[in-house]
Amino acid sequence: MAGGGTAGRMLARAAGSAGRGGARGRGARECRGGACARGYGGARGTRVYMGCTPRGYGVRAGVGTHVGLHMREHRGVGRSTGGAGTGAGVHTWVQSGCGCKDTRGGGRAVGVGPDLRTRVGRGARRVGWGRPLGPEETLGLLEASVVHREGALLALSKPPGLPVLGHPGELSLAALLPALRRRLGLPAELHVVKAPARECSGLVLLSGCHRATEQLQRFFTNARRRGQYPTTYHAITVGVPAEAEGEICAGLRWQQQGDAAAVVPVTSPGRRSLARKEVKRTLTRYRVLGAAGGCALLQLQPRTAFPEQLPVHLTLLLCPALGDHKHSSRVGRVLGVPFLLPPEAAPTRTQVLDEELLCRLGLSPQQLRRLPLHLHLQRLVLPQGPLCAPLPPPFLRTLQRLGLPGHWEP
């Protein structure tokens with residue numbers, strides 16, 4: 001029970017800091033006027049949220065003001081994680097992401113049994129823009145991407161496109177966990193505490209102790225209730241927000257569209273729909289870290305958790321994430337001016353980019369469908385302190401090509 005004791009000590013040390021962090025969280029929500037010190041033109045302290053105007057799409061802008069978007073029905077939530085990167089993990093990721101052979105360990109076997117190869121033999125996945133990777137290569141990639149190991153806790157940085165659970169016969173993190181545990185010499189079965197969505201990259205927090213898992217999950221729940229922001233994402237967006245920082249508040253829900261279900265925003269969620277949990281109020285805090293050529297690097301901190309919350313919130317900001325082939329079609333343009341389309345009028349499709357942006361990214365229209373989602377779970381605050389995950393090579397490569405800053409503040 002060493003892992004449980006470790007988690008217990010972590011939570012005990014966090015008791016005092018959580019209260020102090022709560023005060024900071026509440027203060028962070030206050031609107032602040034003034035120019036952004038980062039050289040990004042625009043007012044600070046803006047809040048973007050739905051259902052705040054009597055009719056239509058209402059917008060009230062200005063320094064320290066609120067921006068309201070009155071919209072149609074939708075619903076979404078984000079998940080979080082973080083990690084601290086090592087040179088070996090980044091190097092292996094770069095090699096695999098570029099389609100080069102991973103020679104880590106002199107080409108030794110990664111320990112994936114024939115039963116796993118049989119189950120996921122057709123589930124080869126693609127890392128970044130590179131070639132598809134099989135179970136053995138993906139397992140070696142995960143092993144090299146471990147960023148934290150203490151007691152019963154293990155953290156690694158997940159590449160984009162790898163699902164946590166996945167469908168039957170599909171390569172997933174859960175299917176690889178037993179082999180990963182054996183490779184790392186861990187005595188207990190691993191459980192997922194926090195992880196980003198399938199298309200996102202970033203920190204995955206694992207635990208080998210049920211008690212530690214439950215304590216950490218309670219810690220994250222209580223942190224959100226106290227108004228804290230324990231998770232931080234970084235995103236590259238197509239479009240630059242009108243304001244340098246602010247909050248996106250929206251009701252989100254699942255809605256059936258044809259044969260599939262989609263997360264959509266809700267104009268004015270009623271008390272009954274909220275009480276029946278058909279709609280959830282969601283909130284994300286954002287900050288522009290840099291902008292160039294009509295694209296931006298954003299820091300996102302979700303206060304709530306709902307599937308696809310962050311990509312949907314970015315569309316409400318009229319700045320969809322680069323590589324979002326699911327929600328970006330909801331943002332249309334007329335004479336270069338973006339506007340929001342209702343979900344039923346915006347079927348899912350490969351993201352559309354103009355020729356200039358494709359040229360800067362070094363992509364052809366045929367390669368665009370392989371562009372990964374540029375949404376990375378970069379930081380996760382634990383009771384004993386924060387973990388930070390390195391940005392994946394495809395993300396760093398895009399930052400360089402777009403002329404965006406390649407670093408971030410903790």
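Modeller: Let's start with a term: a disulfide is a pair of cysteine sulfur atoms within 2.5 Å. We're looking at a predicted model, where local features need pLDDT of at least 70, side-chain atom pairs count only at pLDDT 80 or more, and totals for chains, interfaces and linings use all residues. Residues are numbered from 1 along each chain as its sequence is written, and side-chain values use heavy atoms, with hydrogens and water left out.

Biologist: How many disulfides does that rule give?

Modeller: A disulfide is a covalent bond between the sulfur atoms of two cysteines. Going by the distance rule, the count comes to zero.

Biologist: And Cys249, buried or exposed?

Modeller: Buried means under 20% relative accessible area, exposed over 50%, and partly exposed in between (1.4 Å probe, protein chains only). Cys359 has 63% and so counts as exposed. Cys249 has 14%, so the call there is buried.

Biologist: Where does Leu318 sit?

Modeller: Leu318 isn't a glycine, yet its phi is positive, about 65°. Because its relative accessibility is 23%, Leu318 counts as partly exposed. Helices (H or I, at least four residues) and strands (E, at least two) are DSSP runs, numbered from the N terminus. On that numbering, Leu318 is in the loop between helix 8 (309–316) and strand 14 (331–334).

Biologist: What about Leu335, buried or exposed?

Modeller: Leu335 also has a positive phi, about 55°, without being a glycine. Its place is the loop between strand 14 and strand 15 (337–340). With a relative accessible area of 86%, Leu335 is exposed.

Biologist: What is the volume of the largest cavity?

Modeller: On a 1 Å grid over the protein atoms alone, a cavity is a set of points where a 1.4 Å probe fits but cannot get out, and lining residues have an atom within 4 Å of a point. Points are joined across faces, edges and corners, and a volume is the space filled by probe spheres set on them. The lining of the largest cavity includes Pro160, Ser201, His374 and Phe395. Its volume is about 50 Å³.

Notes. On a 1 Å grid over the protein atoms alone, a cavity is a set of points where a 1.4 Å probe fits but cannot get out, and a pocket is an open set with protein on both sides within 12 Å along at least five of seven lines; lining residues have an atom within 4 Å of a point.
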